[in-house]
Amino acid sequence: FHDYVFQNQEKMQGGGEKFLDDAAGKAGANVAKMKKDMASEEVKKMIDADMKEAKEFGIEGTPGFNVN
């Protein structure tokens, strides 16, 4: 999935969510569950917590690295 999306970034820019749905389906993902999870408040809270932690470390994009 990652490699396909990375290699087709132009298509992702133009195709948005439909492109990601198609890519996930090609990778064998359960697209209906993925869409449900993407819309869930629980997943949103997890993403928000990860983004908050990244911001605390000064990470503003991906990939981001922290060296101890």
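Author: K35 is partly exposed, because its relative accessibility is 33%. That value, like the others here, comes from a predicted model. The partner of K35 is E17. Their closest N and O atoms lie 2.8 Å apart, and the pair forms a salt bridge.

E17, D21 and K35 are linked in a network of salt bridges.

Now stay in helix α3. D37 and K33 form a salt bridge, with 2.7 Å between the closest N and O atoms. Why is their separation about one helical turn? Because D37 and K33 are four residues apart in helix α3. Both ends are partly exposed: D37 has a relative accessible area of 28%, and K33 has 46%.

Next comes helix α4, residues 41–56. Here the side chains of E56 and K52 meet in a salt bridge, at 3.5 Å from N to O. E56 and K52 are four residues apart, about one turn of the helix. What is the exposure of each? E56 is exposed, with a relative accessible area of 57%. K52 is exposed as well, at 55%. Both values pass the 50% cut-off, so neither residue counts as partly exposed.

How many salt bridges does a search of the whole structure find? It finds six. The pairs described above are among them.

Now the whole chain. The protein has four helices and zero strands. Along the sequence the pattern reads α-α-α-α. The radius of gyration is 14 Å, well over the 11 Å that the globule rule gives for 68 residues, so the protein is more spread out than a compact globule. The C-alpha atoms fill a box of roughly 40 × 30 × 20 Å along the principal axes. Buried residues make up 9% of the 68 residues. The accessible surface comes to about 6000 Å². Carbon and sulfur atoms hold 56% of that surface.

Last, the charges. There are 10 positive and 13 negative side chains. The centres of the two sets lie 5 Å apart.

Methods: Residues numbered from 1 in each chain as written. Predicted model: local features only at pLDDT ≥ 70, side-chain atom pairs only at ≥ 80, totals over all residues. Heavy atoms only, no water. Salt bridge = Lys/Arg side-chain N within 4 Å of Asp/Glu carboxyl O. Buried < 20%, exposed > 50% of the residue type's maximum accessible area, 1.4 Å probe, protein only. Helix = DSSP H or I, 4+ residues; strand = E, 2+ residues; numbered from the N terminus. Rg over C-alpha atoms; globule rule 2.2 N^0.38 Å. Areas by Shrake-Rupley, 256 points an atom, 1.4 Å probe, with all protein chains shown as cover. Lys, Arg positive; Asp, Glu negative; His and termini not counted. Charge placed at Lys NZ, Arg CZ, Asp CG, Glu CD.
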